[in-house]
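Please read it with the model open.

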Amino acid sequence: MSDDTIRLVTIGLILRRRWRLLAALAVLGALVGYGTSVLFPPRYTASASVLLPGQWEQRELLTQVEIATSSAVVDRTAAALGWRGVSGDRLRDRVSAKTTDGNIIKISGTAETPARAQQLADRSAQQFVAFAARIAGAGTDPEAPTGPEALRQQVLETSRRITDLAKAADPGRTVEGVQARTALEKLRTALEEAMKKLDEAEAATAKAGMVVMGPAERPTGAAPPTRTHLIAAGALLFVVVAVVGHLAAARTDRRLRTEAEIAAALGSTLLGTVDVPAQRRVQQPQDGGPRARLRRLLGLHVRWDVAVPHASGDRASRRIRYQRVCARLRDQHPSARELLVVVPDGDDIARRAAQQLVTEAERKPTGPALRTVEVSVSQPMVPDRDTEPGALVVLSAGSWTAGELAGIAEACADGGHEVVGAVVAGPVRALPAESADLPPDGAGPALAARGPATGEPV
């Protein structure tokens, strides 16, 4: 799985085989979200709309939005509200503005209560309109030289002067006539400039006439994220993190899954693969304890990243695989009288396969006898060589890393045993007529070493 691309079927496998764990984590995440909602009280948001008359470009509207949330407007809003301990700096994160269709700016205020949220939105809209009018000059002295009335007076005065000069101008081609016409042209140019300034001033005055479109509506519900949002987000976050954690663990998993990798790690050859009918896990006395019970309750005692066992043939077809392994042992080691069968401790599939191999070897007395022994993977120790010239390693795929298998091979070498081959066992689904809870056919001899497996797959 570490080298495979993550597919939807992998996520489906996690959801199907880890649903108990995911459900428990979803409940835990919901409780965390509820606790977060208790620590952070709900907020309420109200909005007031401001109409901007006239023609506005998009960049101009964006400029007005920035003005509505600027520190100058927010500070004036805080002073107008007069809330104790609330300054413009604290209100800056509670006031927002955005443009809508029809040259409308919506100013929103967020507070702890619906009444305060409504008051904040109304005051912010009023202060924005007043500040915008002050910038545009709507509140300046009308008699100032740059005001619209002064410009109109200048236009009228210039018109009278042009009329007087035109009457006094010599229609002939005298020097005085030429000078008069030149003066008229200059005055006409000044008149055009004055008219242009007047139009611009009138347009600015029109744009400055912003209108607050009524008071803000008092909010009836809390602004997101609400308590429901936090609870749902907490549950979803915990589930997503759990799924991502499973995927990351699968990507970093270094347990060998193919026969070629297993044989290479043991430094030997593959003698064959055998099938073991999958059986229901039987609870053993050593499985007690709070931790083990919790693992069974959450479904952690069964691995999720193993392939679904494929359908098996009948008992006769499964026995053929075991008989072929025994035949290869007889062919490769015809003079050997006994061989040691090494099974990793905790590998129940391999243990049952080794039992069946011992049974098949006893049915063929011409071949070497097999003696099984379980070896701890963390601290492998193989009995010293007696009459066995070599060791046969039986294990299941996807359970052990290359380092662990190399440790078993080194333990065999330290005991004077040559690893003569490897047998990979895989679980299969037995036929409906067969009992999946029974051991393989003819499995009678017990293991000679350390008894039943105690490890739990993860």
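**Notes on the model**

1. Strand β7 is covered on both faces: Glu 338, Leu 340, Val 342 and Pro 344 are buried on one side, and Leu 339, Val 341 and Val 343 are buried on the other. Buried means under 20% relative accessible area, exposed means over 50%, and partly exposed is in between, with a 1.4 Å probe and protein chains only. In a regular strand the side chains alternate between the two faces of the sheet. Seven of the seven residues of β7 (residues 338–344) are buried, so the strand is largely enclosed by the rest of the structure.

2. On provenance, this is a predicted model, in which local features need pLDDT of at least 70 and side-chain atom pairs count only at pLDDT 80 or more, while totals for chains, interfaces and linings use all residues. Residues are numbered from 1 along each chain as its sequence is written, and side-chain values use heavy atoms, with hydrogens and water left out.

3. The protein chain has 14 helices and 10 strands. These are DSSP runs numbered from the N terminus, helices being H or I of at least four residues and strands E of at least two. Of the 458 residues of the protein chain, 38% count as buried. Among contacts with a separation of 6 or more, 86% are between residues 24 or more positions apart; contact means heavy atoms within 4.5 Å.

4. β7 pairs with strand β8 (residues 369–375) in the parallel sense, over seven bridges. Two strands pair if DSSP finds at least two bridges between them. Within β8, Val 375 stands opposite Pro 344.

5. Strand β5 (residues 270–277) is mostly covered, with six of its eight residues buried. Seven bridges join β5 to strand β10 (residues 418–429), and the two run parallel. Asp 275 has Gly 426 of β10 as its bridge partner.

6. An open sheet is formed by four strands in the order β2-β3-β1-β4, with antiparallel pairing. Its edge strands are β2 (95–100) and β4 (211–212), each pairing on one side only. Inside this sheet, β1 (residues 44–51) and β3 (residues 104–111) are joined in the antiparallel sense by eight bridges, and Ser 49 stands opposite Lys 106 in β3. Helix α3 (residues 58–68) lies across β2 and β3 and runs at about 165° to β2.

7. How do α2 and α9 pack? Helix α2 (residues 19–39) and helix α9 (residues 227–251) pack at an angle of about 140°, with their axes 7 Å apart. Axes are lines fitted to C-alpha atoms, for helices over the stretch in contact, and angles run from 0 to 180 degrees between N-to-C directions. α2 and α9 are therefore oblique to each other; angles under 35 degrees count as roughly parallel, over 145 as roughly antiparallel, 65 to 115 as roughly perpendicular and the rest as oblique. By class, the contact of α2 with α9 has 16 nonpolar, six polar and one charged residues. Ala, Val, Leu, Ile, Met, Phe, Trp, Tyr, Cys and Pro count as nonpolar, Asp, Glu, Lys and Arg as charged, and the others, Gly among them, as polar.

8. α2 also packs against helix α11 (residues 290–298), at an angle of about 100° and with axes 7 Å apart. That makes α2 roughly perpendicular to α11. Arg 20, Leu 21 and Ala 24 of α2 make the contact with Arg 296, Leu 297 and Leu 298 of α11. By class, the residues of this contact are four nonpolar, no polar and two charged.

9. Two backbone details are worth checking on screen. The peptide bond from Pro 224 to Pro 225 is cis, with omega near 0°, and Pro 225 is found in the loop between β4 and α9. Asn 103, a residue other than glycine, has a positive phi, near 55°. Asn 103 lies in the loop between β2 and β3 and counts as buried, at 19% relative accessibility.

10. Ala 397 lies in the loop between β9 (390–396) and α14 (402–414). With a relative accessible area of 34%, Ala 397 is partly exposed. Leaving aside neighbours within four places in sequence, Ala 397 is in contact with Leu 256, Arg 257, Ile 262, Val 424 and Ala 425. Ala 397 and Leu 256 are 141 residues apart in sequence and 6.4 Å apart in space, C-alpha to C-alpha.
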